[in-house]
Amino acid sequence: MSAFPSSLSMVLRQTQYQLKYFTRVPVALFFTIILPLVMLVLFNALFGDNTIETDEGDWSVRQFYTGGLAAYTAVSATFSNLANMVPIRRDEGVLKRWRSTPLPTWIYIAGFICSAIVIAFVGAMVMLTVGVVFYDLSIEWAKMPAAVVTFLVGVGAFAALGMALASIIKTASSASAAANATILPLAFISDVFVATDGDSALTTIANIFPLKPFVNAFQDCFNPFVAAPAFDWGALAFVAAWGLLGLGIAMKKFTWEPSGAGPRGRRAARAAATAQG
């Protein structure tokens with residue numbers, strides 16, 4: 001008789017399962033990884049010859065877009081992915097069935113979050129690789145520890161916020177709208193698609209939320225005018241605080257049970273259609 005699998009091995013298996021599921025959903029793959037890459041190529045084709053004026057000198061827009069969109073890809077893979085997929089699994093009854101198995105609850109959740117972090121890492125690395133090869137992205141190895149720490153704090157915080165939003169959303173049909181309505185407006189005022197004016201009212205609003213501090217802290221790791229080691233501890237503490245807030249909401253509001261607002265899964269949908277017919 002084989003020994004009972006360790007917690008680590010079960011987390012790794014759950015992570016592998018969630019990654020396999022993700023790759024089988026073309027829409028999720030497109031919006032999480034392909035779309036930011038298309039944006040990077042398109043924005044650089046349109047505005048790549050411009051520069052951003054800073055106190056230290058002119059910063060290439062190509063480098064600005066690469067760092068910003070890499071951070072946005074990580075946010076999309078964690079926050080948007082979890083906020084979309086968890087309510088869908090819940091309404092289909094998948095979460096309820098998983099909870100009835102001997103698998104510990106925390107291992108299933110850990111697999112969900114770890115898979116999102118892996119996707120975020122892959123997406124960010126794709127963006128940075130394209131930036132280095134095609135857009136002269138500056139890589140200074142003395143800043144890479146700051147880039148890694150900033151990335152981990154950011155994806156951890158936004159994964160927690162994604163689970164918090166998934167806990168608040170009542171139905172899977174509203175998940176995508178809620179996630180996009182939350183993150184897309186912030187992206188436009190958080191130095192992802194355009195460089196914002198530091199004295200504007202929109203910048204003041206953006207500074208209240210965690211996206212802009214995360215994006216700016218990550219961009220600084222690739223800004224040639226920012227001295228190594230490029231840690232922005234204030235921004236990291238602010239983003240981490242938002243993550244803790246999201247974790248608290250997720251732990252309090254998360255539910256495994258479907259809302260009952262619609263039929264669950266294909267069998268339930270067929271049964272409901274038959275009953276109505």
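**Cavity, patch and salt bridges at a glance**

The largest cavity here has a volume of about 80 Å³. A cavity is a set of points on a 1 Å grid over the protein atoms alone where a 1.4 Å probe fits but cannot get out, and its volume is the space filled by probe spheres set on those points. Heads-up: this is a predicted model, with local features needing pLDDT of at least 70 and side-chain atom pairs pLDDT 80 or more, while totals for chains, interfaces and linings use all residues. Residues are numbered from 1 along each chain as its sequence is written, and side-chain values use heavy atoms, with hydrogens and water left out.

**Cavity lining**
- Lining residues (an atom within 4 Å of a point) include Gln18, Tyr21, Asn81, Arg89 and Phe112.
- H3 gives the most to this lining, with four residues.

**Surface patch**
- Val27, Phe30, Phe31, Ile34 and Val38 make up a nonpolar surface patch, with about 440 Å² of accessible area together.
- Patch members have over 30% relative accessible area and no salt bridge, with nonpolar side chains joined within 5 Å; areas come from the Shrake-Rupley method with a 1.4 Å probe.

**Salt bridges**
- There are four salt bridges, each a side-chain nitrogen of Lys or Arg within 4 Å of a carboxyl oxygen of Asp or Glu.
- Lysine 96 pairs with glutamate 257 at 3.5 Å between the closest N and O atoms; lysine 96 sits in helix H4 and glutamate 257 in the loop between H10 and H11, so the pair ties together parts 161 residues apart in sequence.
- Aspartate 191 and lysine 212 form another, at 2.6 Å between the closest N and O atoms, and both are buried (under 20% relative accessible area).

Definitions and conventions: 1 Å grid on protein atoms, 1.4 Å probe; cavity = no way out; pocket = protein on both sides within 12 Å on 5 of 7 lines; lining within 4 Å. Helix = DSSP H or I, 4+ residues; strand = E, 2+ residues; numbered from the N terminus. Patch = residues over 30% accessible without salt bridge, like charges linked within 9 Å, V, L, I, M, F, W, Y side chains within 5 Å. Buried < 20%, exposed > 50% of the residue type's maximum accessible area, 1.4 Å probe, protein only.
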